[in-house]
Amino acid sequence: MGFFDKFKSKSKESAQVSADIIYAPMTGEVKNIAECEDPVFAQEIVGKGTMIVPSEGKIFAPVDGNVSMLADTGHALGITSASGLEILIHIGLDTVELEGVPFNIKLKQDENVKKGDLLLEFDIEQIKANGKSTQSPVIITNPDGYEINILKIGHINQGDELIEVRKI
């Protein structure tokens, strides 16, 4: 092992420490965010991430963190991870117009959560019956200084690895 090899292995270890995994908050079909029907999400104006078309009406915590934003209607929530990532989960598109009817919130704003905790339930069929899309963006709203990699496209189960985030 050469002199510089010592530094290389240390920097490799440091890179591993600075990576975060965001786990799938719901079961469904992961799609590229560019395919989102809402241009604000598709053009990554809100942040970087992906979207899931849910097959089950349950949202689980994708990381350990704090519920930093919870819409009164239940259609969106934000979690700030222990490392400072801000994750927005937006259930469906234009679902704020449903005034909370298809959503059953299981927590409060500022509550600490653990990965896998049930956060809310929603009625997929009721969302569709009201003419709303179930496309559900999962977005990092503070992406500056991070490399964001979507780990899976296609079917995903709640709790599977979804996004890897590394400091750059």
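Mentor: Start with the term. Rings of Phe, Tyr and Trp (its six-membered ring) pair if their centres lie within 6.5 Å; planes under 30 degrees apart count as stacked, over 60 as edge-to-face and the rest as tilted.

Trainee: How many aromatic pairs does the structure hold?

Mentor: One. The model is predicted: local features need pLDDT of at least 70, side-chain atom pairs count only at pLDDT 80 or more, and totals for chains, interfaces and linings use all residues. Numbering runs from 1 along each chain as its sequence is written, and side-chain values use heavy atoms, leaving out hydrogens and water.

Trainee: Why is the pair of Phe-103 and Phe-122 tilted?

Mentor: The ring centres are 6.4 Å apart and the planes sit at 35°, so the pair counts as tilted. Phe-103 lies in strand S8 and Phe-122 in strand S10, 19 residues apart. Strands are DSSP runs of E, at least two residues; helices are H or I, at least four; both are numbered from the N terminus.

Trainee: Is Phe-122 buried or exposed?

Mentor: Buried, at 8% relative accessibility. Phe-103 is buried too, at 9%. Buried means under 20% relative accessible area, exposed over 50%, partly exposed in between (1.4 Å probe, protein chains only).

Trainee: Which residues does Phe-122 touch, not counting those up to four places away in sequence?

Mentor: Among them are Pro-54, Ile-59, Ile-91, Phe-103 and Ile-127. Contact means heavy atoms within 4.5 Å.

Trainee: New topic. What sits over the ring of Tyr-23?

Mentor: The charged end of Lys-115, 4.4 Å from the ring centre. The rule: NZ of Lys or CZ of Arg within 6 Å of the centre and within 35 degrees of the ring normal.
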